[in-house]
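Here are some friendly notes to read alongside the structure.

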Amino acid sequence: MKLNKQTEKTSTVFIIRTNPEKIKQHYLLMNKIKLFLLYITFLQSVFVLAQSNANYQTLTNRIKQFSKPAKILYKNIDAKGNGSIEFTNAKKQILRFRLNNKKLEIMHGGIAYQLFYYKNNYLQRIETFDSNGKLAPERESKNEAAVNFIIDKPDLYLRKKKLIDAAEGNIDLKDDSNEKIIRVEIFDENNLPIREFQPTYISSKTYYNYNDRMYWP
């Protein structure tokens, strides 16, 4: 007679005893490390921001015609330091320039800055400057370094502006410069008038775009 042997399986249970006080100390240490790393990251961000602001102030200070203090109105600069930035002040002036690899970008004709003058939200004047803050003329145009805009027919322009506003600027408005609504006066790098044989007029849409700072040199 054969006997069937049953094999009993046994398992070993390990009991790990934990120390609540040590666990608490571990979590506290980890939290301190996280806070320290966050603090370091914050300091780095503040340092980078301070460097950028100091650089911007150095660049804006070159334009003596731009009143201080000023604040950033618009900024579109990527992580590599490429893009454009606009500053404004209490006089409603707007100074803008471009950066290339965190350095002032020089555009054609040596122009680096544009300064816009506004009154009641209407553009009165544009000046262009070189990297040293001196008036720089548009070599590809009539060598003008400054342009004055005079609205000779404000009521008529307002009607045209409402049409453009209604289309959010996306309208192919007929050239109305022959209606003599917007007149321009141009000045050289010494701020002296550039004489022309007859007054120069631009279209309402062109002035609208200048007013919205749509054009770069």
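1. Over which ring does the charged end of R98 sit? The ring is that of W216, and the charged end of R98 lies 4.0 Å from its centre. Please keep in mind as you read on that this is a predicted model.

2. Now for the overall layout. The protein has three helices and nine strands, and along the sequence they come in the order α-β-β-β-β-β-β-β-α-β-β-α. Of the 217 residues, 31% are buried. If you look at contacts with a separation of 6 or more, 48% of them are between residues 24 or more positions apart.

3. Next, the aromatic rings. Searching the whole structure gives eight aromatic pairs. One of them is formed by F87 and F97, a stacked pair with 6.0 Å from centre to centre and 20 degrees between the planes. F87 belongs to strand 2 (residues 83-88) and F97 to strand 3 (residues 94-100), so this pair ties together parts that are ten residues apart in sequence. Both F87 and F97 are buried.

4. A second pair to look at is F149 with Y210, which is tilted: the centres are 5.4 Å apart and the planes make an angle of 45 degrees. This pair links distant parts of the chain, with F149 in strand 7 and Y210 in helix 3 (residues 204-211), 61 residues apart. How do the two partners stand in terms of burial, buried or partly exposed? F149 has a relative accessibility of 5%, so it counts as buried. Y210, with a relative accessible area of 28%, is partly exposed.

5. The largest pocket has a volume of about 390 Å³. Its lining is made up of 21 residues, and those nearest the centre are E138, S141, E144, V147 and Y210. Which strands supply at least two residues each to the lining of the largest pocket? They are strand 6 (122-129), strand 7 (146-151), strand 8 (182-187) and strand 9 (200-202). Strand 7 gives the most, with three residues. Sorted by class, the lining has twelve nonpolar, five charged and four polar residues.

6. Finally, have a look at F187, which lies in strand 8. R125 lies over the face of this ring, 5.1 Å from the ring centre. With a relative accessibility of 11%, F187 counts as buried, since the cut-off for that is under 20%. Leaving aside residues up to four places away in sequence, F187 touches R125, N143, E144, A145, A146, N148, L192, P193 and I194. As for K142, its C-alpha is 9.3 Å from that of F187, while the two residues are 45 apart in sequence.

How values were computed:
Residues numbered from 1 in each chain as written. Predicted model: local features only at pLDDT ≥ 70, side-chain atom pairs only at ≥ 80, totals over all residues. Heavy atoms only, no water. 1 Å grid on protein atoms, 1.4 Å probe; cavity = no way out; pocket = protein on both sides within 12 Å on 5 of 7 lines; lining within 4 Å. Points joined across faces, edges and corners; volume = space filled by probe spheres on them. Helix = DSSP H or I, 4+ residues; strand = E, 2+ residues; numbered from the N terminus. Nonpolar A, V, L, I, M, F, W, Y, C, P; charged D, E, K, R; others polar. Phe/Tyr/Trp six-rings, centres within 6.5 Å; stacked < 30°, edge-to-face > 60°. Buried < 20%, exposed > 50% of the residue type's maximum accessible area, 1.4 Å probe, protein only. Lys NZ or Arg CZ within 6 Å of the ring centre and 35° of its normal. Contact = heavy atoms within 4.5 Å.
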